[in-house]
Amino acid sequence: MPDILILAQESTIVPSEFGRMVVNGLSLGAIYAVLALGFVIIFKATQVLNFAHGALAALGAFLIAYFATIINVPGRWMEGSPVWLQWMLSVIFALILAAGIGMLLERLFLRPMVGEALFAVAIVTLGIDIVVRTITNDFIGLNTRPMGDPFGLKTVGIGCENGSFVGNADLVELCSIRVPWTTVFQLILTVVLVAAVAFFFRSRTGVAMRATAWDQEVARAQGINVGRIFALAWAIGAVMAAIGGLFISMFPRRPGGVDQFTAFFAFRAFPAIILGGLDSIPGAIVGGFAIGFAESAASTYLTFEWLGTGFGGVVPYVVMLLVLLIRPYGLFGTEEIRRV
Amino acid sequence: MRGRPLLYTSYESDQAILNTTTKKLAVGVLLFVLILIPLQPFFAGQFGWETGIWGIGFMGEDDWLRLLATVAIFVIGGLGLNILLGLAGQVSLGHAFFMGVGAYVAAVLGGDPEGVRLGFGLPIWIWLPAAGLVAALIGVAFGPAAVRVRGLYLAFVTLGLVFVGDYVFRNAVSVTGGAEVGRTFPPLDVRLWKEEEPLISFSTDGSWFGVDLTSEAKTFYFMLVAAVVFMILARNLQRTRVGRAFQSIRDRDIAAEIMGVDEVGYKLRAFGISSFYAGVSGALLASFVGSVIPSRWDLFLSVEFIAIVLIGGAGTVSGVVLGSAFVILLPRLVRDLTVWMQEVVTTGDSFMASILDIFIATESTDFGLVNTLPGVGPGLSVFQLNQVIYGLLIILFLIFEPLGLYGIWIRIRNYWKGWPFTY
């Protein structure tokens, strides 16, 4: 196809490196923000430092893959309906199941630990992480399980050259920035989730959860069912983790599906949590996007040979270490006041 | 003091390293048995014993000796984490990083000078202490960051350390051999300087004092001695001024500071000492295994050590020994158990076989909780089963017995102390 080649030569538009960095940063930021949000909600409401969040993310992503592609529920009973609707329903099914698993874990392993030292509870979640991750990885197997989302590899172009529309538009059209539809989806969903959380905390149950976070005993004395709040917090946390896992397993991230390393990728959300401060919900979102941009910028611009491979992957941790040196409680975390 | 074992007439006897009869007896018997274990061939065929001393004969086999040597190495590393976590009360997920540092210092100093990777060929009496010292220095250098953050944040800082360390190890190819390749580590042989023939060789079979020993048996003795030395040091630390300062910081840091304990200084010391143990343990582990890839020093190893300290019982030396033995020997027991179950299921037609069939898959179409067949299928592999048991043990111990195996022993002891009364 000679036309296309000529067209490509004549084009004045250069794909923007900066634009690609920003788009990638937004995509990463959405992942980290959603994971951090779930983590912080669990921590605030139940005083549990959930090291199993990465495992829950992988589990949630696998459940989505299971419903959407492996057994195709409910898509198999609704032939003819649009693909996106089938997929959305599968995701909702998976999220409900993930919420149930979150509540079950809380009831089985964390309810007996109420009132124990924070550290002991954190180590219990490390144990949960090992169990959930191993079983999930056994289900995932050695293959990559695609999410079956309707967005696929499609992108939307910004600043495209006029008239470059020849044949297959997606292949030939030259744009300065290409935004994958998955990233658009992730950003919209993140905004929706943040708004939902904000509204939730203004509802009656949300106020009860905030009261529980403030003081469990006093909340009980006010007639709040603290146990139910714990279960709810874990359900929300598990759903957020599952959505984070879904984001990790979507197009711009390799390998485009959930595999045995998804749980480890989710570990990178911890720096985002720390950066924002363990107990701050705005901090989780700011920290998530800050870490996402830092990682994206590092992997775009810091490509010196002496840095070796995979430096982008440790940038979150480096940023976390540096920030903690300056602000030991993160950017928005509550400072622990030591009084004698 | 017959009949009054807990009556101390002097401060020295109260603070002695082995301050009760039970401890003296237990340690003595344990050491005696451990020393006898590799000598099985010597006893085989005598006193009517076929494969060696009755009851422990099977442990004289080479693979069991390797396991026991690994236990000794993990005891050293576990003692290090115990000082930090059990005595000083500081959470660290970064233990694996310091072990990696120790291992690579050992590799560089003791490695083959003509090898592919960096190595100076120095003897063990240089590289083993150096491994500990460099790890300790890095631990102290990292200390100010660790001292500034408290409690839960510290867990995350040390978590970051493991991931940053993993990245450095993967990319420092001239030292570590790179991500998938790894490098070889110096053998345990003792030389005076760089001479050809080692003074004492642990990596070849040979005879000591007229007893033929395999290299595994010799290595086991080496690790046993090393572990005992570090156990005495750790036990001694608990009763010194430094050890008491650690415990006061653990119990109430503000109160400790008011009493004049220099919190920052002692936390730095705790990190340094803990890292020293980790460095030595890492160097020994790498040297023992021979060839290690950088991802050996990952988060999972750190969690393994936390499990050792918590399952054994935080703050006690004997707890660390129990925990290490438990954590290292458990996979072997699980493996043997699955092999046995498989045998019963495939050969037998008994009632037992039909029950065990639920747990184990023998054909690719068979259902089972455990699937030892190669390839994918429903059911966990033996390795995965180990992991799950492991995670469950951490959870269950923390929920039901926070003092660990040591706590179980305390309960048994207290029961018999007051027997037949309940208290």
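Predicted model: local features only at pLDDT ≥ 70, side-chain atom pairs only at ≥ 80, totals over all residues.
A:Asn72 sits in the loop that links H3 and H4 of chain A. The phi angle of A:Asn72 is near 55 degrees, which is a positive value in a residue other than glycine. With a relative accessibility of 31%, A:Asn72 counts as partly exposed, because that class runs between under 20% for buried and over 50% for exposed.

A:Val73 and A:Pro74 are joined by a cis peptide bond, with omega at about 0 degrees. A:Pro74 belongs to the loop between helix H3 (53-70) and helix H4 (83-110) of chain A. Chain B has a cis bond to look at as well: the one from B:Trp419 to B:Pro420, where omega is near 5 degrees. There, B:Pro420 is found in the segment after helix H17 (404-418) of chain B.

Back in chain A, another loop deserves a visit, the one between H2 and H3, where you will find A:Gln47. A:Gln47 is a residue other than glycine with a positive phi, near 60 degrees. Its relative accessibility is 29%, so A:Gln47 is classed as partly exposed.

Now let us turn to helix H12 of chain A, which spans residues 269-276 and is mostly covered. How many of its residues are buried? The count is 8 of 8. They run from A:Ala269, A:Phe270, A:Pro271 and A:Ala272 through A:Ile273, A:Ile274 and A:Leu275 to A:Gly276. What covers these buried residues includes, from chain A, helix H2 (17-46), helix H11 (262-267), helix H13 (281-301) and helix H14 (311-326). Chain B takes part too, with helix H7 (151-171). Just past the end of H12(A) comes A:Gly277, whose phi is positive at about 105 degrees.

Our last stop is the largest nonpolar core, a set of 224 residues. Which residues have the most contacts inside it? They are A:Leu278 from chain A, and B:Phe156, B:Leu284 and B:Trp297 from chain B. Helix H4 of chain B (residues 62-87) gives this core its largest share, 17 residues. As general background, nonpolar side chains tend to be buried together in soluble globular proteins.

To see one of these residues up close, pick B:Leu284. Leaving aside residues up to four places away in sequence, B:Leu284 touches B:Ile73, B:Ile76, B:Leu128 and B:Leu188, along with B:Phe222, B:Met223 and B:Ala226.

Definitions and conventions:
Residues numbered from 1 in each chain as written. Chains lettered and ligands numbered in written order. Heavy atoms only, no water. Buried < 20%, exposed > 50% of the residue type's maximum accessible area, 1.4 Å probe, protein only. Helix = DSSP H or I, 4+ residues; strand = E, 2+ residues; numbered from the N terminus. Contact = heavy atoms within 4.5 Å. Core = buried A, V, L, I, M, F, W, Y, C linked by side-chain atoms within 4.5 Å.
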